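Please work through the exercises below with the structure open beside you, and try each task before reading its solution.

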Amino acid sequence: MICEQYHAHQLNDLVLSGQLRELIRINEAQHERSFAEMADRICTQGARIVMLAGPSSSGKTTSANRLATQLRMWGKKAILLSLDDYYIDRDKIPPGLDGKLDLEHINTIDTALFSHHMEALLQGQEVELPSFNFKTGKQEWTGHTIGLEEDCILLVEGLHGLNPALLPKEVDLSQVFRVYVCPRRSLELDGHEPIDGSFLRLLRRIVRDHLSRGTSAQRTLAMWDSVRQGESRWILPYQENADADFDSSTVYELAVLKRHILPLLLSIPQEEDCYDRVQNILRILDQVQEANMDDEIPPTSLVREFIGGNTYYE
């Protein structure tokens, strides 16, 4: 049922015939196997720190949690850490040439502090972790400390996770395992036009930001070009540093996302600047049959990170 290049008419046939549920189960099993294989490699290598990175809406947070579960099956204590907590205070970030803050820039992260903490942890020391308050835009200290005991593995997820500036200069790379997460599998439309991973990520972000952050589709679309520019500069150049590459796409996802995103896009008035882009998205979605099968998607699925119902952090 799964092939390397899937066509829209194949997906539509499965939706209309009621067979999409089996495809969902197979896709989810494929992801689980990938996480299990990564955990095997990490533990066999003896890595103590896992750096997990990827562009916006790739599914990094869920990937880190699912990988942590697999590591626990090895008897490891997995500690999750977000690079977001190492953001420097917003008022300390120098604006760009346009006078705006570039929140995709590596200089938004306190790389010196993070590198120092990684070095200390690998040397068996304890460190106090910062916590970033997104409401105040400032870093806070709450007394939360961690250490890497013999059976511990630290999982760090964030946009810049593969940037070498985050690691101590003399780090033993055998102690670090790097993972790049990004949707790659393309769905081919009947006119032989492939849908790439960036299109899927945009749809994911529109749905997620509306659901969990109260952000309008117009606002997400307005930011997207800037987000993509930041990815090209600060994320994509470092993907070759990864020890493992995880394709976070699922063949069934567009059919499921359509139900969630369509009302958001159809409510955008013609006078909005993003209207032409919205019409292009609708043109593509028009070739995909909508599927109302959220009940089949597991609560730990990557898709749940965007449509809601992910039990890792809800």
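**Exercise 1.** Determine whether Ile146 is buried or exposed in this predicted model.

*Solution.* Next take the relative accessible area, which is 8% for Ile146. Buried means under 20%, so Ile146 is buried. Finally, look at the surroundings: leaving aside residues up to four places away in sequence, Ile146 touches Ile79, Leu121, Gln125, Glu126, Val127, Leu129 and Leu154.

**Exercise 2.** Find out whether Gln139 is buried or exposed, and which backbone oxygen its side chain reaches.

*Solution.* Gln139 also lies in strand β5. Its relative accessibility is 19%, and because the limit for buried is under 20%, Gln139 counts as buried. The side chain of Gln139 reaches the backbone oxygen of Tyr87, at 3.1 Å. Tyr87 is also one of the residues that Gln139 touches, and among the others are Asp85, Tyr86, Asp89 and Leu113.

**Exercise 3.** Work out how helices α5 and α8 are oriented towards each other, and which residues make their contact.

*Solution.* First locate the helices: α5 spans residues 197–213 and α8 spans residues 275–285. They pack at an angle of about 105°, while their axes are 13 Å apart. Angles of 65 to 115 degrees count as roughly perpendicular, and α5 and α8 are therefore roughly perpendicular to each other. On the α5 side the contact is made by Phe199, Leu202 and Leu203, and on the α8 side by Ile281, Ile284 and Leu285. Sorted by type, the residues of this contact are six nonpolar, no polar and no charged.

Definitions and conventions
Residues are numbered from 1 along each chain as its sequence is written. This is a predicted model: local features need pLDDT of at least 70, side-chain atom pairs count only at pLDDT 80 or more; totals for chains, interfaces and linings use all residues. Side-chain values use heavy atoms; hydrogens and water are left out. Axes are lines fitted to C-alpha atoms, for helices over the stretch in contact, and angles run from 0 to 180 degrees between N-to-C directions. Helices (H or I, at least four residues) and strands (E, at least two) are DSSP runs, numbered from the N terminus. Angles under 35 degrees count as roughly parallel, over 145 as roughly antiparallel, 65 to 115 as roughly perpendicular and the rest as oblique. Contact means heavy atoms within 4.5 Å. Ala, Val, Leu, Ile, Met, Phe, Trp, Tyr, Cys and Pro count as nonpolar, Asp, Glu, Lys and Arg as charged, and the others, Gly among them, as polar. Buried means under 20% relative accessible area, exposed over 50%, partly exposed in between (1.4 Å probe, protein chains only). A polar contact is a pair of N or O atoms within 3.5 Å; within protein, one must be able to donate a hydrogen and the other to accept it, and residues adjacent in sequence count only if both atoms are side-chain atoms.
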